[in-house]
Amino acid sequence: MLNYFDILLKHARVIVALTFIAALAAALFSFAQPATYEATALIALAPATLSVPTSNQAAPYYLTIDAARQLPPQFTPAYFLAQLKSAEFFSVFSTPPSVSLNSNASDRSLIEISARGGDARGAADAANRYAEEGALYLLKLLIPSGDQADTALKKLQAAEQTLAKFSTDNGLGEYDLAKLRGNVS
């Protein structure tokens with residue numbers, strides 16, 4: 001054991017000098033690196049399970065896709081994440097932002113969009129723009145259009161007529177959806 005201490009004492013100057021040089025090199029390298037900023041925006045797929053901090057953060061930091069709770073099983077957070085990573089979605093941007101997309105580790109109904117850059121405002125703008133465009137894109141996936149919308153409207157009208165007939169056949173009074181909606185609100 002004494003041999004080790006003797007060796008350390010004998011080479012103490014070399015050890016201290018190398019330690020100092022390594023620390024100085026690390027400091028110089030650190031200062032030479034450009035600053036990198038990261039901004040994160042969230043898209044909430046099911047606000048009933050939302051578990052995010054609320055410290056002075058408002059839209060567009062948290063964008064909500066409210067209808068996700070009522071979707072068929074194939075529309076999972078993983079499905080939405082894949083849609084936002086698709087080339088079709090990136091065609092919305094003239095210059096695609098440099099972002100990363102992930103599911104939130106503690107709440108799978110949240111999609112995290114992180115943007116990095118040398119400018120804090122630029123990173124925040126990229127994350128927020130991607131979140132805004134992403135929320136609109138996901139809503140387009142949820143809302144039927146064209147023939148799908150026409151079919152859905154016909155089915156809805158048929159269901160309303162069936163409810164009206166059921167209401168009159170069973171003596172429940174006149175079925176008026178507008179009145180019912182007015183009472184609920």
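This is a predicted model: local features need pLDDT of at least 70, side-chain atom pairs count only at pLDDT 80 or more; totals for chains, interfaces and linings use all residues.
Residues are numbered from 1 along each chain as its sequence is written, and side-chain values use heavy atoms, with hydrogens and water left out.

**Around the chain's end**

- Asp176 is partly exposed, with a relative accessible area of 25%; buried means under 20% relative accessible area, exposed over 50%, and partly exposed in between (1.4 Å probe, protein chains only).
- Asp176 and Leu163 are 13 residues apart along the chain, and their C-alpha atoms are separated by 9.5 Å.
- Over in helix H6 (residues 147-169) you'll find Ser167, which counts as buried at 7% relative accessibility.
- Setting aside neighbours within four places in sequence, Ser167 is in contact (heavy atoms within 4.5 Å) with Leu172, Gly173, Glu174 and Tyr175.

**The chain as a whole**

- Seven helices and four strands make up the secondary structure, and along the sequence they follow the pattern α-α-β-β-α-α-β-β-α-α-α.
- Of the 185 residues in the chain, 23% are buried.
- Take the contacts with a separation of 6 or more: 59% of them are between residues 24 or more positions apart.
- The accessible surface comes to about 13200 Å², and 60% of that belongs to carbon and sulfur atoms; such areas come from the Shrake-Rupley method with a 1.4 Å probe, and for residues only the protein chains shown count as cover.

**The largest nonpolar core**

- A nonpolar core is a set of buried Ala, Val, Leu, Ile, Met, Phe, Trp, Tyr and Cys residues joined through side-chain atoms within 4.5 Å.
- The largest one here has 22 residues, and those touching the most other members are Ile43, Leu84, Leu101, Ile111, Ile113 and Tyr130.
- At least two residues of this core come from each of strand E1 (37-44), helix H3 (77-84), strand E3 (99-103), strand E4 (110-117) and helix H5 (120-142).
- H5 gives the largest share of this core, with eight residues.
- Leu84, leaving aside its neighbours within four places in sequence, is in contact with Ile43, Phe89, Phe90, Leu101, Ile111, Tyr130, Gly134, Tyr137 and Leu138.

**Where H3 meets H5**

- On the H3 side are Tyr79, Phe80, Gln83 and Leu84, which meet Tyr130, Gly134, Tyr137, Leu138, Leu141 and Leu142 in H5.
- The residues of this contact divide into eight nonpolar, two polar and no charged; Ala, Val, Leu, Ile, Met, Phe, Trp, Tyr, Cys and Pro count as nonpolar, Asp, Glu, Lys and Arg as charged, and the others, Gly among them, as polar.
- H3 and H5 pack at an angle of about 120°, with axes 10 Å apart; axes are lines fitted to C-alpha atoms, for helices over the stretch in contact, and angles run from 0 to 180 degrees between N-to-C directions.

**A look at Asn102**

- Asn102 has its place in strand E3 and is partly exposed, with a relative accessible area of 43%.
- Asn102 and Glu112 are 10 residues apart in sequence and 5.3 Å apart in space, C-alpha to C-alpha.
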